[in-house]
Amino acid sequence: MPIATHSQTNLSASSTTLGTIRAMKEDSEEKITPNAGTEASARKWIRCDRPHCGNPAVGLLALRFYCIGHFISHCYEYLERCNCNPIKDADVVTSFSVDRFLQQCMNQAGELVRPIRGFDNLDRARLFDIFLWASDLIAKRNVFKEESASSAGVRVYSAGLSKKVGAD
């Protein structure tokens, strides 16, 4: 029974990874013929979920795959609608949904902005802008949440204190 050495194991894992990266790269028009040892899932490209778009997907938001152009446009559209004050959100579910989107948006943009992805400078600048905008909104929303939580705590404390004083 042959035993694979550490370098052989890394070589097969890196060839699978490189095949997947090449498949997801937007500029790649060539068909990838992975080695016989790779999985069948590495042979198929994941496409953008937007209608009439066949570009390879690079990002995932709210369980939908997006190519680089649609990822950037979707993030900008949604970020423009986000409130920096979570108290102004319609309800708790909306507030939670916005927080989750902002976190996913920031994480995905942070992953995509890396130079290894091969995007041009304009796309990388837009991704970095999305990353900064989403992280700024997260920070502002957290400040409002802390203020509302602390003011609610003060109200509960003062109500309890007034009951004690009124009982005396």
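**Figure 1. Overview of the predicted protein model.** The protein contains 4 helices and 2 strands, where helices (H or I, at least four residues) and strands (E, at least two) are DSSP runs numbered from the N terminus. This is a predicted model, in which local features need pLDDT of at least 70 and side-chain atom pairs count only at pLDDT 80 or more, while totals for chains, interfaces and linings use all residues. Residues are numbered from 1 along each chain as its sequence is written, and side-chain values use heavy atoms, with hydrogens and water left out. Read from the N terminus, the order of elements is α-β-β-α-α-α. Of the 168 residues, 26% count as buried; buried means under 20% relative accessible area, exposed over 50%, and partly exposed in between (1.4 Å probe, protein chains only). The accessible surface comes to about 11400 Å², and 59% of this belongs to carbon and sulfur atoms. Such areas come from the Shrake-Rupley method with a 1.4 Å probe, and for residues only the protein chains shown count as cover.

**Figure 2. Helices H2 and H3 cross.** The axes of H2 (residues 68–81) and H3 (residues 92–112) come within 11 Å and cross at roughly 145°. Axes are lines fitted to C-alpha atoms, for helices over the stretch in contact, and angles run from 0 to 180 degrees between N-to-C directions. The crossing is left-handed, a term for a near helix turned anticlockwise from the far one by less than a right angle. Residues of H2 that meet H3 include Phe-71, His-74 and Tyr-78, and among their counterparts in H3 are Val-98, Phe-101 and Cys-105. A contact means heavy atoms within 4.5 Å.

**Figure 3. The salt bridge between Asp-99 and Arg-141.** A salt bridge is a side-chain nitrogen of Lys or Arg within 4 Å of a carboxyl oxygen of Asp or Glu. By this rule the count comes to 4. The side chains of Asp-99 and Arg-141 form one of them, at 2.6 Å from N to O. Asp-99 lies in helix H3 and Arg-141 in helix H4, so the pair ties together parts that are 42 residues apart in sequence. Both Asp-99 and Arg-141 are buried.

**Figure 4. Salt bridges of Asp-136 and Glu-111.** Asp-136 pairs with Lys-140 at 3.4 Å, N to O. Both residues lie in helix H4, 4 residues apart, about one turn of the helix. Asp-136 is partly exposed at 37% relative accessibility, and Lys-140 is partly exposed at 38%. Glu-111 forms a salt bridge with Arg-114, with the closest N and O atoms 3.3 Å apart.

**Figure 5. The loop between strands E1 and E2.** Ala-62 lies in the loop between E1 (59–61) and E2, and Leu-63 is placed in this loop too. Neither is a glycine, yet phi is positive at about 50° in Ala-62 and about 60° in Leu-63. Ala-62 is exposed, with a relative accessible area of 55%, and Leu-63 is exposed at 78%.

**Figure 6. Asp-123 in helix H4.** Asp-123 belongs to helix H4 (residues 121–167). At 15% relative accessibility, Asp-123 counts as buried. Leaving out residues up to four places away in sequence, Asp-123 touches Ile-68 and Ile-72.

Figure 7. Ile-87 is located in the loop between H2 and H3 and is exposed, with a relative accessible area of 57%.
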